[in-house]
Amino acid sequence: MMNKRQIALLLLVIMPVYKVSTLPSYLASVAENDMWLSMLVVQGLEIFTLIPILLVATRGGLKNILPKFVYVVIACICVLWWTLRLGMLNTDVVHYVSKILFEHDKRLLIISLLMLGSLYVASRGVRSIGRVAELTIYPFALLVVVFVIFNKGQPDFSEILPICDRGVSSLTAGLNLGVWFGDFLPLMFLDLRGDESSSAKIYISVIVATVLEVLLCIVFIATYKSVASSTDSVLSRLMNQVILSSEVGRLDYVGIIVWIMATILYVSYILAFVKKAVQDFSNYKVAMIVISAISVAIVIINEYVWTAVHQAYATALSLWWVAIVMHYILPICMMIVALRRKNEYTLKTQV
Amino acid sequence: MDRKTRVEILSQLLGKCFDIEVRDIEGEKGTITLVYADVIVDKDILARDLVTPLQDMLDTTSPTLEKVVESILTPARITEAHDLKEASVKVADGSIAIITDSGVLLTVLKKVAHRPVGEPPTGTSVKGPREGFTEELRANVSLLRRKLKTPMLTLEKHVVGKYTRTDVVICYLRGIADEEIIGKVRDKVVGIDIDGVLDASYISHYLEEEPNSIFRHTGTTEKPDILAGKLLEGRVAILVDGSPIALTLPFLFIEDMQDGDDYYKKDYRITFERIIRLMGATMAVIIPAIYVALQEFQYQFVPLKFLITLLNATSGIPLTPTLEMLTVLLLFEVLNETSVRMPKYVGMAISVVGAIVLGDTAVNAGLLGSPAVLVTAISGIGLYCVPDDAGTFSLLRLVYVCIAGVTGIFGLVLGVMVLLAYLAKSNSYGAPYLAPYAPIVREDLKDGVFFAGLDKMKFRPKSFPHHNRVRIGEENDE
């Protein structure tokens, strides 16, 4: 099973995946120069959900705190939710990768390959995902170094002023979409009882990822304030700042390659936890059938349902309450169950 | 059963072999018959230690088994054969059967022609020891014993192969190697049911826990110093009679980046060389695919000046970049295969002529672009940064070229992730294949790509199970 260090590194790599593609431009459209604050709020709330989720995991995960029937129901709900969510988020990825890497529309090829590759990675299990995350951290670090060293952008940081001039609405403006970007829910299915090391490293990595995302938003708004809300890919825009075409080639591709790696890891992470959740109440074969079906479903969703990013976002905005239930209410409820189970166990042993 | 009947049956069991000698030693008190394979027995010692003393004995006393054992001078062990079938097997293996009316005794006076100890071709050393294993098991064991003068060195002998009856020795340091790993290796060796074992690679197939893996899961070395080092780390080794290759288990991928000579150099130099090896291997696998992806889809990636040069060099090539690269790579594979198989005196000519004629002529004729030949050459050189994995890497680069030709950089990145996931799950006798990097084993990173120095490696590798962790300091007791 994955250990806490692997979780920390995995989250560091995957947290920015979907948040640095189109979310900042949406936040810029609703919160303008305060979009980085809006991102901070979205991330802050997400970190808050990590507390109950880790508590559940350290108590043995959902499998150990819930009766089997309830576990099956919750696992099935989570599987459906992740299918919907991956379908929605991948619309953005497919659109962006097709546009930046190919001359012609290759969306079907990209989503098919993405799901096929991720399906294989996920089939190797949660432990392998953790190990791959440990290797992916090196190119991730390279990306940060390239961005810092070769950046030729000229951000005007006065563009972020005045801060919070529209009051609380600046902070909450992006929440209706931001709530979809919670990444920690699958961790509730982990059993971390065997790992007695400190959970602090997970919180630290999540905070580092948050700082990176918020800094990226600040640089983005400081560089592209006037066109921020109409930018379809923030990563592409910002990495364009490190282009040195006539000297060492387009270094923005380093960013794109690392981002693709992280995306594959993210999709694999979700599928691997679907496999684990299903396997906990059935067997390997059924679990593989389920994740294969999800992969096919996501390909269909991206090819026929949400063919454009705005369509996916429109659905996401109308279903914001589902995201709140899944990412915020469910973990808190599970934490309460975990705490009650602990108390019951303590009482029984005392008797 | 009398002596004559025994000799007759034994001769029948051994069949019609020109080298099987049946020799009677007659004296006043009786006769003894020696049966042995003429070609693998030391005849001088046979005459001195066996024939002469037996002759003397037969003049004074009748040949009982006890008397025969007393009179023989040989330091080799003398055992009594339980039956004639066992005697025939031993004679075929080089033993001498001493047949009397009261039973059959067996002793060994083997003398086999073998290659002298020399520098192994697969592990040349600049500053380290130059001796290498040979095909003679006993010589190999003696080389190992010279490095590890401890009673904790254990050498378990097993016989494998119905017809070859090859000696297979499991070596480990008692008190350091993990019993579970030793047990697993022993079970696998004992369980091998095969007609013949001609080389260590036969055993290696049976020892691998993932036999279908494209990557090897068994370490190999021809050098006693490297083998001693691996045993000191807590690994288990297998020596096979007739093979100069020693197998080591568990095996980690990082071992391919290490070299026996590493430990005789300065620390910073070792780190540099390991980075170069890793880069070379990565380049070998990825560069042809990147070239194809850039040519087919992502040409914006290439710096402008380089792109212009590239376009000039590839304009007019009738093949697509993918087909062009596959052609050059396959030609390289053919040349490589030929240079290995050809007799030495024409091998050099073929490889040079092949490279010049094929490459140059194809480029001049406009069939292939010079960048593709250059990329293949760079990749080919890179392959041999990690020579033990050259076969696997050369296959992988062909696969990646195909992927890149259809899906560009995106597919290539996906392919790399799939490979990482594939390797991340692999284990070798309880050791994660990609340790100490995935999972991170902090202590073992000191001997990873970055080398911290021998004096800093206080503990044995933690990536695989063993006992007695401390290598340096007072706690390091036998």
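The questions and answers below treat these topics in turn.

Me: On what basis are the values given?

Reply: This is a predicted model, in which local features need pLDDT of at least 70, side-chain atom pairs count only at pLDDT 80 or more, and totals for chains, interfaces and linings use all residues. Residues are numbered from 1 along each chain as its sequence is written, chains are lettered from A and ligands numbered from 1 in the order in which they are written, and side-chain values use heavy atoms, with hydrogens and water left out.

Me: What is the volume of the largest cavity?

Reply: A cavity is a set of points on a 1 Å grid over the protein atoms alone where a 1.4 Å probe fits but cannot get out; lining residues have an atom within 4 Å of a point. Grid points are joined across faces, edges and corners, and a volume is the space filled by probe spheres set on the points. The structure holds 2 cavities of 30 Å³ or more, and the volume of the largest is about 200 Å³.

Me: How many residues lining the largest cavity are charged?

Reply: Of its 19 lining residues, Glu233(B), Gln258(B), Asp444(B), Asp447(B) and Pro461(B) are the closest to the centre. Ala, Val, Leu, Ile, Met, Phe, Trp, Tyr, Cys and Pro count as nonpolar, Asp, Glu, Lys and Arg as charged, and the others, Gly among them, as polar. The lining has 7 nonpolar and 2 polar residues, and the charged ones number 10.

Me: Which elements give two or more residues to the lining of the second largest cavity?

Reply: This cavity holds about 40 Å³ of space, and its lining includes Glu46(A), Asp183(A) and His327(A). Helices (H or I, at least four residues) and strands (E, at least two) are DSSP runs, numbered from the N terminus. The elements in question, in chain A, are α4 (35–58) and α16 (320–350).

Me: Are α11(B) and α14(B) roughly parallel or roughly antiparallel?

Reply: Axes are lines fitted to C-alpha atoms, for helices over the stretch in contact, and angles run from 0 to 180 degrees between N-to-C directions. Angles under 35 degrees count as roughly parallel, over 145 as roughly antiparallel, 65 to 115 as roughly perpendicular and the rest as oblique. The axes of α11 and α14 of chain B lie 10 Å apart at an angle of about 170°. The two helices are therefore roughly antiparallel.

Me: What area is buried between chain A and chain B?

Reply: Contact (heavy atoms within 4.5 Å) takes 37 residues from chain A and 30 residues from chain B. Buried area is the accessible area (1.4 Å probe) that two parts lose on being put together, summed over both. Carbon and sulfur atoms give 71% of the total, which is about 3100 Å².

Notes:
1 Å grid on protein atoms, 1.4 Å probe; cavity = no way out; pocket = protein on both sides within 12 Å on 5 of 7 lines; lining within 4 Å.
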